[in-house]
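Okay everyone, thanks for coming. Have a look at the structure on the screen, and I'll talk you through some parts of it.

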Amino acid sequence: MELLEKIHSPEDLRSLAPSQLPDLASEIRDFLVSAVSKTGGHIGPNLGVVELTIALHRVFESPRDQLLFDTGHQTYVHKLLTGRRAGFDRLRQRGGLSGYPSRAESEHDFIENSHASTALSYADGLAKARQLLDLDGCVVAVVGDGALTGGMAWEALNNIAACEERPVVIVVNDNGRSYSPTIGGFASHLASLRLDPDYENAMRLVKRVMPQAPVAGAAVYEALHALKKGLKDALAPQAMFEDLGLKYVGPVDGHDVHSLEEALRAARAYGRPVIVHCVTRKGHGYAPAEEDTEDCFHGPAAFDPETGRSRAASATSWSNVFGSEMVKIGAERSDVVALTAAMLHPTGLAGFAEAYPDRLFDVGIAEQHAATSAAGLAMGGLHPVMAVYATFLNRAFDQVLMDVALHRLPVTFVLDRAGVTGNDGPSHNGMWDMSILQLVPGLRLAAPRDGARLRELLREALKVSDGPTAVRFPKGAVGDDIDAVDKLGTMDVLTRFAGLPPVDGEPADVLLVAAGSMARVCVDAAGLIAEQGVGVTVVDPRWVKPLDPALIDAAREHSRVVVVEDNGRVGAVGDAVARYVSDSGVMTPVRAFGIPQEFLEQASRAEILADIGLTAQDLADDITLFAQSPLDDPGDGRPARTPPERSMVRAER
């Protein structure tokens, strides 16, 4: 690590001789494999951008030049070159280095993006701001890992190309080899020629003067332009970008620092919007990643750096349960098809794709398109299942609302990584879905508590033919099944604990509504509450939208209703239960426990749940206080209006 240890800022990097850069690249790869093997993280994408990131920081002067990365998980090398090497021992852990750009970490991080296809829009806005404020420097957007499959990226490209006076350098990190690389001296020469200001000025002169010439002027110009365009299209796959008005450079070997620097310096000097197309290989330089056919070690857990084998204990995940059940359903129902947005393996659909390749559609990072395409499939007589991370469904809300629900179409949305996910930071917690989906008329929403209920509720969702459904579950191991001891309508009763002998006519103490994956912690909390003499009935609603009318009868028979959910508290299940109880004329007070409506800092799921009071002991303490408080006292310290007879009852106990 002789060279890497000397790099504390991009200035240190720029002082190195070109001959030292291959050794630096090798040291960076060794460091990343060693560090990330201990913590887990996005190793594959970062191994692929080592030389590219070196070249970027040698050509551009961050932070005066603003480097934006899309998506942000390809910034580990950027962090190393901007003085954050010491933070890698706690990568993606509480108090440690973020796995994405972080404005709190460094002046070199401008956007905290981990949702793809956004950087070009940021770049467009930053370039406009620079122009209005007459600021020096350049905006550089590094776009990779499929981000260009997102429609938002093309909306931004259309706007960036609209104004030649606002320079933006767009670096396409093509690690999927969607274009055949054309690498060599002549291609480099052509790129430098196209970016030569004298060449461009000459073409503008031709464009302005030739159409004014008599008879042949316009025709000659068109012929010259066609010759120019035809020559370039024959040599490089650029037509798509140049038709938008964006100058194109490349393809460039993304693992050749010299070629990269040459292309980037030419792009910077051009002074107008330009795309630099770099061909890289995900996982480059680390054999286990290069040989990983699934995703080139995109984001593994801790692993053995020598072999690449995972150090994580094997366990059945929620995604595994969903995926295996989909394969079974696919054999039973030929009308069931599946969609995913570049998440085939993570969402568990790889088995379905293998069994029924003609019925699986991976649309790339394009959640909006996926939702409306699913609507079209449903209109065509099929029942589509769209599997996506819960946090990414946010991007397709309008499509769920207007394209699916308005048409009452049978589309099932399967939301993986719902609730607290933890180490990927605030952008990846799936804490919004049960709030935004409550707004959608006619949509039915299921929250299974265990693997058996996931299989059961998925099948129930697929029987619905008059509107959309959604099934959500968390990240991680699925755990043991929790069997019901009774039924209340369609709700499962998970446990009942008797409290102190009831006073004449007084209802039982607490109805504890456990939404989805919070069932286990609620059952454990109920036992602790019962030890304090408070009776508890724990129910799992299974379907949290719409709520079962049996919930109203149960609320009427209890003195308190408590809702616990793994979602933001605003507008979700707790609010829905409180509104339903109130609208039904039942006066039983309702209190909800969930995720505070704020962006949660990265930590493990267990650490975050403890922080926000969603552990069995914390819930038991709070619910006991609520249950033993005067009737109108919410149990959170606010003053209450207490009926005298209620106080007497409590005193006698």
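Predicted model: local features only at pLDDT ≥ 70, side-chain atom pairs only at ≥ 80, totals over all residues.

Let me start with what I mean by pairing: two strands count as paired if DSSP finds at least two bridges between them. Keep that in mind for strand β2, because you'll see that six bridges join β2 to strand β3, residues 168–174. Those two strands run parallel.

The protein has 653 residues, and 54% of them count as buried. There are 26 helices and 18 strands. The protein exposes about 26900 Å², with carbon and sulfur atoms supplying 53% of that. Now take the contacts between residues at least 6 apart in sequence: 76% of them join residues at least 24 apart.

Back to β2, then. This strand covers residues 139–144, and six of its six residues are buried. Which residues sit on each side? On one side you have V139, A141 and V143, and on the other V140, V142 and G144. As a bit of background, in a regular strand the side chains alternate between the two faces of the sheet. Both faces of β2 are covered here.

What are the partners of β2? One is strand β1, residues 66–70, which runs parallel to β2 and is joined to it by five bridges. If you want to find that pairing on the screen, look for F69, which stands opposite V142 in β2. The other one I've mentioned is β3, and there G144 stands opposite N173.

Next, strand β11, residues 469–472. Both of its faces are covered too: T469 and V471 are buried on one side, A470 and R472 on the other. Four bridges join β11 to strand β9, residues 412–416, and the two run parallel. In that pairing L415 stands opposite R472. Strand β10, residues 444–446, also runs parallel to β11, with three bridges joining them. There, A446 stands opposite V471.

Now for a sheet with mixed pairing. Six strands form an open sheet, in the order β12-β13-β15-β14-β17-β18. What happens at the edges? β12 (486–488) and β18 (590–595) stand there with a single partner strand each, so one side of each is left without a neighbour in the sheet. From one strand to the next, the twist averages 30°. Zooming in on β12, three bridges join it to β13, residues 491–497, and those two run antiparallel.

Let's switch to helices. The buried residues in α4 include E51, H57 and R58, along with L52, I54 and L56.

Finally, a place on the surface. L133 lies in helix α6, residues 119–133. Is L133 buried or exposed? The cut-off for exposed is over 50% relative accessible area, and L133 has 58% relative accessibility, so it counts as exposed. Together with L132 and L135, L133 makes a nonpolar surface patch of about 360 Å².

That's my tour, so let's go back to the screen and find these spots together.

Definitions and conventions. Residues numbered from 1 in each chain as written. Heavy atoms only, no water. Patch = residues over 30% accessible without salt bridge, like charges linked within 9 Å, V, L, I, M, F, W, Y side chains within 5 Å. Areas by Shrake-Rupley, 256 points an atom, 1.4 Å probe, with all protein chains shown as cover. Salt bridge = Lys/Arg side-chain N within 4 Å of Asp/Glu carboxyl O. Buried < 20%, exposed > 50% of the residue type's maximum accessible area, 1.4 Å probe, protein only. Axes fitted to C-alpha atoms, helices over the stretch in contact; angles between N-to-C directions. Contact = heavy atoms within 4.5 Å.
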